[in-house]
Structure formats: structure tokens, C-alpha cells
Amino acid sequence: MRIALHTRVREDRIEEYEAAHRAVPAELAAAIRAAGVGSWTIWRSGCELFHLLECEDYARLLAELEHLPVNIAWQARMAELLDVVHDYSADGAAAGLPVAWEL
């Protein structure tokens, strides 16, 4: 399945956000892959962040990562940098952007 998400980086934290994503912990990347993600890309336009991920089951992904210590630490770091954060709770499974058009 493909999931599109929207988050927003704080204007004064863009450099830190990009630096953090150049150094995503290997343990976190491995956990994301193990939870069924084939790819995850984030685009930035100003402060707006658009994510596209391809995964087996988005709800399962969230459930597997929600209580994982490396993800908890990562999400705490991202919370410092973002105005709109990614929701890893069960409610977050409905956070994907609706498809407006597809070719």
C-alpha cells in the first residue's frame, strides 16, 4: 500500500531537520524495513514536508514502531523540530492524505 503524509518543520529548524535525516539511526531504519516498509521518501517545500511510503500494512507499521525505544527517541527529537508531527498511535493509521487524483 502507498501512504502519503504531511508534516511541517519549524522554519527555524530546517537545517537541523535535514541534518537529522542524513543520520537516521541504522537501528531505526532496520526496524522500519522489518515492519514492512519498502520505501519512504520525504519532500520539502519551504516548511511543508510530504512523505510517500510504500508498505505492506500501515497500521501494522505504526503498531510495531510505536513502543520501540529507538523510534520513541527519534519521535521526541522530531517533536522538537516539527510543528505538525507524525502520529504513531493507532489513530495515526487514518492520518494519510486522501487521493485527489491518480494516473
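This is a predicted model: local features need pLDDT of at least 70, side-chain atom pairs count only at pLDDT 80 or more; totals for chains, interfaces and linings use all residues.

Trainee: At what angle do the axes of H2 and H3 cross?
Mentor: Helices are DSSP runs (H or I, at least four residues), numbered from the N terminus. Axes are lines fitted to C-alpha atoms over the stretch in contact, with angles from 0 to 180 degrees between N-to-C directions. H2 (residues 26-34) and H3 (residues 58-66) have axes that come within 9 Å and cross at roughly 145°.

Trainee: Which residues of H2 and H3 make the contact?
Mentor: Contact means heavy atoms within 4.5 Å. H3 brings Arg60, Leu61, Glu64 and Leu65, and H2 brings Ala31, Ile32 and Ala34.

Trainee: Which residues does Met78 touch, leaving out those up to four places away in sequence?
Mentor: The contact cut-off is again 4.5 Å between heavy atoms. By that rule, Met78 touches Tyr17, Ala20 and His21.

Trainee: Is Cys55 buried or exposed?
Mentor: Buried means under 20% relative accessible area, exposed over 50%, and partly exposed in between (1.4 Å probe, protein chains only). Cys55 has 5% relative accessibility, so Cys55 counts as buried.

Trainee: How many disulfides does the count come to?
Mentor: A disulfide needs a pair of cysteine sulfur atoms within 2.5 Å. Cys47 is buried too, at 19%. By the sulfur rule, the count of disulfides is zero.

Note on methods. Residues are numbered from 1 along each chain as its sequence is written. Side-chain values use heavy atoms; hydrogens and water are left out. Helices (H or I, at least four residues) and strands (E, at least two) are DSSP runs, numbered from the N terminus.
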